[in-house]
Amino acid sequence: MLAGAGVVAAGLLAPLHALAATWNKEAFGAKSAADALKGIGAADSAPSQDIVIEAPEIAENGAVVPIEITSNVPGTRSLAVVVEKNPFPLVAKFDFQEGALPYVKVNVKMGETSDVRVVADAGGKHYSASKNIKITIGGCGG
Amino acid sequence: MGLALGASGLLAQKSPYADYQRMTAENAPVELYEIQGEEAWKKRAGPKNVSLEQCDLGQGPGVLKGAYAGLPRYFADADRVMDLEARLLHCMTTLQGRSREEATKRVFGNADLASEMEVLSAYIARQSNGMPLKPGTSHPKEKAAYALGQKLFYHRAGPWDFSCTSCHGEEGKRIRMSELPPLAKPEYARPVMATWPAYRVSTSSFVTLQWRMNDCYRQMRMPEPNFGSEVPAALLTFLTVNAAGETYRGPAIKR
Amino acid sequence: MTRFGLFLITLAVATAALGQRQPESAADSRRIDGLLKRDFHERGQAKMDRVQTDELQRACNRYADNPPAALAKRLEAAQLKAIPFPSGSLLGSWQAGEKIAQSGRGMTWNDKPGDAGGSCYNCHEISPKEEAHGTIGPSLARFGTLRGNSAEIQRYVYGKIYNSKASNACSQMPRFGHSGTLTEQQIKDLTALLLDPASPVNQ
Amino acid sequence: MAGPMKMRATSQGGVTEIRVLMTHPMETGQRKDPEGKLVPVHFIQNVTVKLNGKTVVDGQISQAVSRNPVFTFRVKGGAKGDKVEVSWVDNHGDTNQTEAAVA
């Protein structure tokens, strides 16, 4: 009815996307968490308490799972989000620069109960933390 | 559907999903529907080619502030109690001259495309955020609507002998993993009625109270209620008056 | 004291009574049946005859789900008499029963006639493997282990699923056979799910 | 085809919080339409956030981000009136972008 209307675009902006990092096809196509992390050069990472994952312990539906990530590891330049049990575990990777804080809040999809792992890259070394989120199927199927 | 700390300070039973609902509500794309709703409110339509901006939702023609929090209520021009969507339909047929058939052709949308009623509900409900629910209770027809809604809530019919209380009847009881609140009790009705209409996470679509009445009767294995008719308006009067006084904090999220 | 504050107080006082169930008189029943006829329309297999209440529903509405004992007995007996018990074993396949118990489909306007499950897990704990079960009905865990699977208990379970109102006039459990939702074979499969020693319910 | 996109940037205590909502189906390629046909994979791949013309967040995302994505980012600095621009590109090459002044 109204899709397509109201594109909130102001003026003709330089094509921003031309400057973006190329989409890491290999890492996002990986079917295991290990391969996905290898694909972003984070094959091994040290566990760290300084990565805070704010997320519900149990979600009423796996289509929308809110996750808030803060890295207190000094010098964090990027954060990657991996849902171990998803068909394609790598969910997102954010590079931060020019004053951006290593923080992101986003809703992710989870196929089933799984660990959610966050990997931070600080000065070329990788640190990670993870949190288990239980997915239940609500509703009566009627 | 979890229970949140009602505005009345009553610490309702904390559902295991309370954190999920709080975080999801803070992070739901509801404003995308409000933007489309503002456009729909201002868009000329129908044979009379006028917008809905002169529609009187109970606070005066075109007044949006607090209008949703004051519904359902009695409207003299239609001589009946109306909830938001029934009232919008009234304005579409009177102000815009649209046929009831055209205006109700697609009242429930989907994830790809919300319906006009859904985006209007999102935009209008936002204008009552933070205000106490204050549905009409003084007019005789408002009292009658409440009483009828109450009887309908307990009325068992259909092939499975269900009433609303078959699922919304007992505290602490679950259907599968969902704890459906006993909505006849004010402390349970408050957090529910304060958060409709809403973005439904399981279908990534925006849903309204007419849809909720429609889908409940579908799951009661009953025939389909006429959109905006008196039976759903009576039920919505019953539920909203039970929740009266609660601070409206929608549009929010539902499972 | 603002007018709205006053409104809240009168409301708070009234909330104790607010929302409480009131019996539905015969006049109410007639009026509501009429309103539902006026404000509903058929859709798919959900035809308009469904809004018309039957004698049992009217009694449960009239007496807020606990009719006087004599009336309850009469209603239960009438429902029991109408159950067509098949002869011989009432145990079907528990594997098929598990699927039927899991399915919440059936009888809605977007279901195809004949495509129905029992919605059992919506209200009951049944097999220990299923965590996402409801708690509105009693737990049926280890039902066969506790009660065996004699012809008599098979008949009780079959009858309960076919028409729960034959043993409890205003039970919240639908009359799955009486309403035409489940077939004789489906009810036998569910009976097996509860009583067959090999069923996960009885491990 | 892009539906609405909304962004709000607010600065407080020297940190600018950028909240952006995007209309996008984020199709995984696993979902069936009402007729039972698989809906082809279709999702945003790059999200770019700029403050005063400089890229501050360069995001690569996948179909595992929920439909109608909502992101919140935080940037040190950024004062009232500064310009924030957010844009996305999806795997079909469609794009959308919006900009706003820091409130």
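## Chain C in outline

Read along its sequence, chain C of this predicted model follows the pattern α-α-β-α-α-α-α-α-α-α, and its secondary structure comes to nine helices and one strand. The C-alpha trace of chain C spans about 70 × 40 × 35 Å along its principal axes.

Of the 203 residues in chain C, buried residues make up 40%. When the contacts in chain C with a separation of 6 or more are considered, 62% of them are accounted for by residues 24 or more positions apart.

## Where chains A and D meet

The contact between these two chains takes 40 residues from chain A and 41 residues from chain D. On the side of chain D that touches chain A, the elements that give two or more residues are strands S1 (5-12), S3 (44-51), S4 (54-61), S5 (70-76), S6 (83-90) and S7 (95-101) of chain D. The largest share of that side, eight residues, comes from S4(D), and the residues of the side as a whole divide into 17 nonpolar, 16 polar and eight charged.

S4(D) is also joined by five bridges to strand S6 (residues 90-96) of chain A, and the two strands run antiparallel. Within this pairing, Phe94(A) stands opposite Gly59(D).

## Nonpolar cores

The largest nonpolar core has 175 residues, and those with the most contacts inside it are Val81(A), Val82(A), Val91(A), Val108(A), Leu235(B) and Phe73(D). The element that gives the most to this core is H10(B), with eight residues. Apart from it lies another core, of five residues, including Leu56(C), Cys60(C), Leu75(C) and Cys170(C).

Val82(A), one of the residues named for the largest core, touches Ala33(A), Ala36(A), Leu37(A), Pro89(A), Leu90(A), Val91(A), Arg117(A) and Val119(A), if residues up to four places away in sequence are not counted.

## Ala33(A) and its surroundings

Ala33(A) has its place in helix H2 (residues 33-39) of chain A. This residue counts as buried because it has 20 C-beta neighbours inside 10 Å, and the cut-off for a buried residue is 20 or more.

With neighbours within four places in sequence left aside, Ala33(A) is in contact with Val82(A), Glu84(A), Pro89(A) and Arg117(A). The C-alpha atom of Ala33(A) is separated by 9.6 Å from that of Pro87(A), although the two residues are 54 residues apart along the chain.

## Helices packed against H10(B)

Helix H9 (residues 209-219) of chain B and helix H10 (residues 230-242) of chain B have axes that come within 10 Å and cross at roughly 110°, which means that H9(B) is roughly perpendicular to H10(B). From H9(B), the contact is made by Leu209(B), Gln210(B) and Met213(B), and from H10(B) by Pro232(B), Leu235(B) and Leu236(B). By class, this contact of H9(B) with H10(B) has five nonpolar residues, one polar residue and no charged residues.

Helix H8 (residues 186-193) of chain B also packs with H10(B), at an angle of about 105° and with the axes 7 Å apart, so H8(B) is roughly perpendicular to H10(B). Here Pro186(B), Ala189(B) and Met193(B) in H8(B) meet Leu239(B), Thr240(B) and Asn242(B) in H10(B), and the residues of the contact divide into four nonpolar, two polar and no charged.

Chain B holds an open sheet of three strands in the order S6-S5-S8, with mixed pairing. Its edge strands are S6 (205-207) and S8 of chain B, each of which pairs on one side only, while neighbouring strands of the sheet are turned by 40° against each other on average, direction ignored. Strand S5 (residues 198-200) of chain B is joined to S8(B) by three bridges, the two strands running parallel, and Ala198(B) stands opposite Ala252(B) in S8(B).

S8(B) has a part in the surroundings of a helix as well. In helix H1 (residues 18-26) of chain B, Tyr20(B), Gln21(B), Met23(B), Thr24(B) and Ala25(B) are buried. The buried residues of H1(B) pack against strand S8 (252-254) of chain B together with strand S3 (58-59) and strand S4 (65-71) of chain A.

How values were computed: Residues numbered from 1 in each chain as written. Chains lettered and ligands numbered in written order. Predicted model: local features only at pLDDT ≥ 70, side-chain atom pairs only at ≥ 80, totals over all residues. Buried ≥ 20, exposed ≤ 12 C-beta atoms within 10 Å, placed from the backbone. Helix = DSSP H or I, 4+ residues; strand = E, 2+ residues; numbered from the N terminus. Contact = placed C-beta atoms within 7 Å. Nonpolar A, V, L, I, M, F, W, Y, C, P; charged D, E, K, R; others polar. Pairing = 2+ DSSP bridges. Axes fitted to C-alpha atoms, helices over the stretch in contact; angles between N-to-C directions. Parallel < 35°, antiparallel > 145°, perpendicular 65-115°, else oblique. Core = buried A, V, L, I, M, F, W, Y, C linked by C-beta atoms within 7 Å.
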